[in-house]
Amino acid sequence: MTSWLEDRLRDALTADAEQIRQETLRPAEQAAPRTRTVVPQRRFALAVPFAAALVVAVIGTVAAIVAATAGTTPAVPATSPLAGPRFLLTAANDGVTVHDARTGKITSRLALPPTPQGSFREPGGYLLAGAGDGATFYVAQSVQSRETQVSSTKFYRARVDDQGRVAELVRDVIPEVTGTTASSLAVTHDGTRLAYSLDGKVCGQGKTLRFCPGAQLTVVDLPTGTTRTWTTNAAEQIESLSWTADRRTLGLVVKTESRILDTTAPGTTLASSQVIAPGTQATTATISPDGRSMLIGHSRPPRYTVDEYSVPDGRKIRTLVSRSHDGDSMARWNLIRYDTTGHHLLLGGNVEPLSRLDDGRITPLIRPGAPDPQLLGSPAEIQAAW
């Protein structure tokens, strides 16, 4: 006959075991190699052999259930909420929307004027920039007149509240720019300096056909309205503008070269800019807030990667993301954006969903739209900022 102590212990442990169900177990964290499961100790010790055996049996049952669920652990456990900016902005042919940066869910839309008649670069002629805090955004829209073949670009500032609703929308934050289409947009983290680039203008005909001038970069000091412009003879666009936290250095891509420009140094051409990691054939790039490294997206079919390079010496530090693609379209990255801290990234590509990267963990947010038939089935690029 067992003692009353054994009876009490058996009843208590049985009741505990009955509370253990699949739904009460937390998802197993991704275990590092050679890591063993640690089971919390009971608050009391059992000296009776029968009771000790019962404890071992219960622990064994729990360990077996945890082991059975370990292979189905989600990539992003619900118990680990994402940090970083709360909201982000995206652009499509039907306008500009605010999204929850943790789920991708739309929270509001910007009430921008209807798109003027004319031609524009997808999506909708929009360019987006954010201060990196998920609250302050800038929007540029370029439309080319069918009659004059001249492009005009208007600039807006939007702020969202803590619910993701548009709290402010300011039009014409800088004067409208006419000439050629805008190709990139960036704003400093404190919202005081806005940079934009314009495509080169084609002049002449036949043997005299040329760019006059080439693409150009303009930085606007928003409090004073003063501007400074750099030009290039390159026949390609200036893209992927990004600022360091000190508001001094701009990252950019010209042709397929990733570069940095000291905007306080003398000079009026991009010849003074520094090439980072020559020969990498960049499709997009962004400089880190501290200015010490640069992320560069490349395409070397069948793989396309995002690699980190040291700014001082151009050496490759690591590969952040690597993908393979065997489809008809050439896969490429077209969006990499840091937040203010440099710990969170927005990533996008023509065959990739808009995603965020946090401590090595990728979370898909928004899938690309359907291919545009007029672009021969090429997937639509994603415009986004936070």
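A residue counts as buried under 20% relative accessible area, as exposed over 50%, and as partly exposed in between. Glu168, with a relative accessible area of 27%, is therefore partly exposed. Arg159 has a relative accessibility of 33%, so Arg159 also counts as partly exposed. These values come from a predicted model. The side chains of Glu168 and Arg159 meet in a salt bridge, at 2.8 Å from N to O. Arg157 belongs with Arg159 and Glu168 to a network of salt bridges. A search of the whole structure finds 13 salt bridges.

Asp190 and Arg247 also meet through their side chains in a salt bridge, here at 3.4 Å from N to O. Asp190 lies in the loop between β9 (182-187) and β10 (193-198), and Arg247 lies in the loop between β15 (238-243) and β16 (249-254), so the pair ties together parts that are 57 residues apart in sequence. Asp190 is partly exposed at 43% relative accessibility. Arg247 is partly exposed as well, with a relative accessible area of 36%.

## The sheet β19-β20-β21-β22

Four strands form an open sheet in the order β19-β20-β21-β22, with antiparallel pairing. β19 (282-287) and β22 stand at the edges with a single partner strand each, so one side of each is left without a neighbour in the sheet. From one strand to the next, the twist averages 15°. Strands of a sheet pair through backbone hydrogen bonds, in either a parallel or an antiparallel arrangement.

Strand β20 (residues 293-300) runs antiparallel to β21, and eight bridges join the two. β20 and β21 form a hairpin, with two residues between them. His298 stands opposite Thr305 in β21. On the pairing with strand β22 (residues 316-324), β21 is joined by seven bridges, again antiparallel. Tyr309 stands opposite Lys316 in β22, and Val306 has Val321 in β22 as its bridge partner. The hairpin of β21 and β22 has five residues between the strands, and Gly314 in this hairpin takes a positive phi near 75°.

## Strand β21 and Tyr304

How many of the eight residues of strand β21 are buried? Seven of the eight residues of β21 (residues 303-310) are buried, so the strand is largely enclosed by the rest of the structure. Tyr304 lies in strand β21. With a relative accessibility of 3%, Tyr304 counts as buried, because the limit for buried is under 20%.

Leaving aside neighbours within four places in sequence, Tyr304 is in contact with residues including His298 and Ser299, Val321, Ser322, Arg323 and Ser324. Other contacts of Tyr304 include His325, Ala331, Arg332, Trp333, Val351 and Glu352. The C-alpha atoms of Tyr304 and Trp333 are separated by 7.4 Å, and these two residues are 29 residues apart along the chain. Which residue does the side chain of Tyr304 join in a polar contact of 2.6 Å? The partner is Glu352, which takes part through its side chain.

## The sheet β23-β24-β25-β26

A further open sheet of four strands has the order β23-β24-β25-β26, with antiparallel pairing. Its edge strands are β23 (333-338) and β26 (361-366), each of which pairs on one side only. Neighbouring strands of this sheet are turned against each other by 25° on average, direction ignored.

Within this sheet, strand β24 (residues 344-349) and strand β25 (residues 352-358) pair in the antiparallel sense over five bridges. Leu346 has Arg356 in β25 as its bridge partner. Arg356 also forms a salt bridge with Asp358, and the closest N and O atoms of this pair are 2.9 Å apart.

Key. Residues numbered from 1 in each chain as written. Predicted model: local features only at pLDDT ≥ 70, side-chain atom pairs only at ≥ 80, totals over all residues. Heavy atoms only, no water. Buried < 20%, exposed > 50% of the residue type's maximum accessible area, 1.4 Å probe, protein only. Pairing = 2+ DSSP bridges. Axes fitted to C-alpha atoms, helices over the stretch in contact; angles between N-to-C directions. Salt bridge = Lys/Arg side-chain N within 4 Å of Asp/Glu carboxyl O. Contact = heavy atoms within 4.5 Å. Polar contact = N/O pair within 3.5 Å; in protein donor to acceptor, adjacent residues only side chain to side chain.
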